[in-house]
Each structure stands twice: as structure tokens, then as C-alpha cells.
Amino acid sequence: MLKEIWSHIVAFDKIIIHRHISPDPDALGSQLGLAALIRHTYKDKMVKTVGFNEPSLSWMGEMDGALDEDYEGALVLIMDTANSARIDDSRYKLAAKSIKIDHHPVVEEYADINYTNTSASSTSEIVVNLYEFNKEAYQLQLSEEAATCLYTGIIADSGRFLYDNTTIDTLKATQLLYACEIDRNKIHECLYRRSLNIVQAQGYVLSQFEVSEAGVAYFKMPLDVQKSYQLTTGTRSALVNTLANIEGVLVWVCLFENEDGRIRANIRSNGPAIHEIAAKFDGGGHPKASGAMLSKWEKSQELLDELNEACQMYRRETMNV
Ligand code: AMP
């Protein structure tokens, strides 16, 4: 499949790369990294990246944007996106051919060619695999720009190799990127630097969160509180791991009120799988990291109830308590 995907990249003169809405470093890293990899090798191809420019990640690179006519006869690659509703920019449908490249559990096979590897830590790792698998046949070269984007995606999605999605293959892919002499200190500084307002908002979270008996920790952050800490939909996700690694906590949840009154939930687990519960609440993701969207605050109790039940079952099955 990795060979087949590259043969399509070779065959098309126009390539447009999409990824999911509310982009995270892996969505951008795989998108910008693949674009840089193709451009470096095929100077005559038109390669464009599209989607919302998330201000808090602008240090990773800006989108090129594309015109409707650019899609005529083009190949579209859609990175890190499990279902069509989450693709940033619905014009992917205008292309001659589409390819999905993802590492989330399969939700929808929306493209002409669908490649999913759920064992990969990140979609950026899959892009390194694409390179590795095809480099000799097509004399591909990994530029520092491509390697920087891909390294950023891998360390973000693997939690700097802390999460259990880190495999020997993740480390091998990273080894290749190290060899490109990327400026790791600069990347780490950009990725992990916390602005003062975020640190203060973490103080709010730590003073407000609650923990259920089953081990679900959560906090609710109304819109006015988010505004008082100058949080945006892009920057507030930095609060997600404030509740990580608390003794007795299996699942932790951030509940943020959106401008339109809906509630965005970020859910993380080091116990039961949570992606199927998230899917019941207009969400999805990975077994240990998912997102969901609730129509109103009252719905949050339903979500918490389901998570509590999953934790109780997990305790019974794996911990005999
Ligand atoms: P987040 O909590 O936004 O950081 O997302 C955690 C993981 O769940 C990421 O892999 C997201 O791509 C995925 N995810 C978040 N929200 C949704 C959603 N509404 N539907 C499907 N997947 C989602």
C-alpha cells in the first residue's frame, strides 16, 4: 500500500494536502512534512496545503491555500482524519483522486484509497514509513524542513515517547529524523513553552476539578472563565494533561463551553478505552485519547456517567476491585 500511494504521488502533477479541523501538531506535521518531502524531490509538481491556520501552531508553518481550479485533475491526500465530517475544507471532493492516510481507528473509508495503520504512533510516523519504503525506488530525500515537521508530529502524539502508542517502529522512524540534524531544542521550546495565561488557567483547573469514586477526574470551564484567561479553542487544549497522572484517576475530562453553547470535551485515559463512548457523543479518536461535542452542559453528566461505568468495569476486570 505504501508503494501504491507513492506511485499515485508520482503520477499526478497537482497535489493538494488536507487534514482535520482543529489541527494538532500531528495533523500539521504529517500534512506539512509530506508536502515538504514531495516538493523536495519533485520540483515541478504543484503541491499545496489547505485548511485553517491555527495561530498557536503557526510556528510549524502556514497553509498555501488552493483555488477551486487547482483541484481539477489533482490528487488529494487527506492526513490524520478518521471521518469525512472532520476534513478541513470539503473541496477535497473536487479532486480526480483522493487518498486517506491515518492512524485513528477506522470510522469511515471516505477516499478512493484508504490507508490506516492504527499501530503507528502518529500519522507523521506513517509519512516517515512512506519515505523509508519508497526512498530507494524514487531517490527520495528527507529535507530538514520535512524532518522537523514529522519529528514534531511524532513527539506530540506519542507524548515524547511516553504513551503506549510508542513502538520500536516509532523509535526507528525518529532515528531517521535525528539523522537530518533537526533543531530539536527549538522544536521542544515551541511545543512545550507555556504562556503565562495557560499556567494561570492550570491553577484554575487544579483548584476546581472533581474526582468521582470510580476514578474520573473532570473540570468544567464556562466561556467567561476561558475569556478571563484569554484562552482560545486552539490554546485551551494545552490544559488537557493538567489532570494526568493523579493517583486513583483512570480517566480525565476537560469540558469547555464553546461560543455556540455546545460543550467540547477532551477525554484521556490510562484505563478503559474511551473512543467508543466519545463516538456516542458526536466524537471519536483513539482508545486512550478522544474528543467529543455535547449539545449543552446537561449532557456532560451523561458522558461522565458512561465514563464512570467504564472505569468501574475496568476496575472489576483488570484490578479485581
Ligand atoms: P482532542 O481531545 O481534541 O485532543 O482529540 C483527541 C483525539 O481524538 C485526536 O486524535 C482527535 O483527532 C480525535 N477527535 C477529537 N474530537 C473528535 C471528534 N469530534 N470526532 C472524531 N475524532 C475526534
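A residue counts as buried when its relative accessible area is under 20%. In this predicted model, Thr174 has a relative accessibility of 3%, and is therefore buried. Thr174 sits in helix H5, which covers residues 168-178. Once residues up to four places away in sequence are set aside, the residues touched by Thr174 are Tyr151, Ile154 and Phe161.

Helix H3 spans residues 123-138 and helix H4 spans residues 144-157; their axes are 7 Å apart and form an angle of about 135°. Because of that angle, H3 is oblique to H4. Sorted by class, the residues in this contact are 5 nonpolar, 2 polar and 1 charged.

Arg19 belongs to strand E1, residues 14-19, and its relative accessibility is 0%, so Arg19 counts as buried. What surrounds the Arg19 residue? Beyond its neighbours within four places in sequence, Arg19 is in contact with residues including Ala27, Leu28, Val50, Gly51, Met63, Met79 and Asp88. The side chains of Arg19 and Gln31 make a polar contact at 3.0 Å, while a polar atom of the Arg19 side chain lies 2.7 Å from the backbone oxygen of Phe52. As for Gly29, 10 residues from Arg19 along the chain, the C-alpha atoms of the two are separated by 10.0 Å.

Definitions and conventions. Residues are numbered from 1 along each chain as its sequence is written. This is a predicted model: local features need pLDDT of at least 70, side-chain atom pairs count only at pLDDT 80 or more; totals for chains, interfaces and linings use all residues. Side-chain values use heavy atoms; hydrogens and water are left out. Helices (H or I, at least four residues) and strands (E, at least two) are DSSP runs, numbered from the N terminus. Buried means under 20% relative accessible area, exposed over 50%, partly exposed in between (1.4 Å probe, protein chains only). Contact means heavy atoms within 4.5 Å. A polar contact is a pair of N or O atoms within 3.5 Å; within protein, one must be able to donate a hydrogen and the other to accept it, and residues adjacent in sequence count only if both atoms are side-chain atoms. Axes are lines fitted to C-alpha atoms, for helices over the stretch in contact, and angles run from 0 to 180 degrees between N-to-C directions. Angles under 35 degrees count as roughly parallel, over 145 as roughly antiparallel, 65 to 115 as roughly perpendicular and the rest as oblique. Ala, Val, Leu, Ile, Met, Phe, Trp, Tyr, Cys and Pro count as nonpolar, Asp, Glu, Lys and Arg as charged, and the others, Gly among them, as polar.
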